[in-house]
Amino acid sequence: MKKSESIAEITKAMVNVQKQLKPLEKSANNPFTESKYTPLDVISKTILELTPEQGIAVFQEPVSTERNSVGVATLLSHVSGEWIEFEPFDMEIVSNKKMSSAQEAGSTITYTKRYTLAAIFGIVSDEDKDGNASKPNQTNNNDS
């Protein structure tokens, strides 16, 4: 993460945005993980309803690398001139026989935009299914 020399004003503004954020409905279904998530348009709409009144603009640009990945770089800018630039978050493009390369790239960009915005603004956008997967299997062991 890179930032302007001072981030006092943008930090105050972000605190005010986060105070106003309400939990978002996980209204979309992911058939691959059998979980629900909050779509990008809902996250974006919510953020864009709150950030302008706090003097914050959010910029995201697509990025790509030589290793068949795409993603986004995100910049928060404040009317004071302060800014925070987040390192690009990129992901490998996973080939899908049902989509063209452009569709696959677009899908990956949308995914990374959603995760980046959710992380920056403290929005929980997915059901937590990973926690259950990391628990050890509980078996009934009668060896004692």
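Predicted model: local features only at pLDDT ≥ 70, side-chain atom pairs only at ≥ 80, totals over all residues.
Strands of a sheet in general pair through backbone hydrogen bonds, and the pairing can be parallel or antiparallel. In this model, 4 strands form an open sheet in the order β1-β6-β5-β4, and the pairing is antiparallel. Strands β1 and β4 are the edges of the sheet, as each of them pairs on one side only.

Along the order of the sheet, the pairing begins with β1, which covers residues 2-3, and β6, which covers residues 83-92; these antiparallel strands are joined by 2 bridges. Within this pairing, K3 has I84 of β6 as its bridge partner. Strand β6 also runs antiparallel to β5 (residues 69-78), and 8 bridges join the two. Here V70 is placed opposite M91 of β6. Strand β5 is in turn joined by 9 bridges to β4 (residues 56-64), again in antiparallel fashion. In this pairing, the bridge partner of Q60 is T74 in β5.

Two hairpins connect strands of the sheet. In the hairpin of β4 and β5, 4 residues lie between the strands, and N68 takes a positive phi near 60°. The hairpin of β5 and β6 also has 4 residues between its strands, and in it G81 has a positive phi near 100°.

Is V94 buried or exposed? The relative accessibility of V94 is 63%, and V94 therefore counts as exposed, since the term applies to values over 50%. The C-alpha atom of V94 is separated by 8.6 Å from that of A105, which is 11 residues away along the chain.

Helix α1 was examined in detail. This helix has 13 residues, and the distance from its first C-alpha to its last is 19 Å, close to the 18 Å expected at 1.5 Å a residue. The buried residues of α1 are I10, A13, M14 and V17. Because these residues cover an arc of only 100° around the axis, they are on the same side of α1. An α-helix has 3.6 residues a turn, so residues three or four places apart point the same way. The cover over the buried residues of α1 includes α2, β4, β5, β6 and α3. On the face turned away from the buried side, α1 carries the exposed residues K12 and K19.

The nonpolar cores were considered next. The largest nonpolar core has 19 residues, and those with the most contacts inside it are I43, L76, F121 and I123. At least two residues of this core come from each of α1 (8-20), α2 (40-50), β6 and α3. With residues up to four places away in sequence left out, I123 touches L21, L24, I43, I47 and A118. A second core of 5 residues is separate, and its members include V70, V72, A105 and I109.

How many salt bridges does the model contain? The count comes to 2 salt bridges. In one of them, K12 is paired with E9, and the closest N and O atoms are 3.3 Å apart. Both K12 and E9 belong to helix α1, where they are 3 residues apart, about one turn of the helix. K12 is an exposed residue on the face of α1 turned away from the buried side, whereas E9 counts as partly exposed because its relative accessibility is 35%.

In the other salt bridge, K45 is paired with E49, and the closest N and O atoms are 3.4 Å apart. K45 and E49 are 4 residues apart in helix α2, so about one helical turn separates them. K45 counts as exposed because its relative accessibility is 55%. E49 is partly exposed, with a relative accessible area of 48%.

How values were computed: Residues numbered from 1 in each chain as written. Heavy atoms only, no water. Pairing = 2+ DSSP bridges. Buried < 20%, exposed > 50% of the residue type's maximum accessible area, 1.4 Å probe, protein only. Core = buried A, V, L, I, M, F, W, Y, C linked by side-chain atoms within 4.5 Å. Contact = heavy atoms within 4.5 Å. Expected span 1.5 Å × (residues − 1). Arc of directions from axis to C-beta. Salt bridge = Lys/Arg side-chain N within 4 Å of Asp/Glu carboxyl O.
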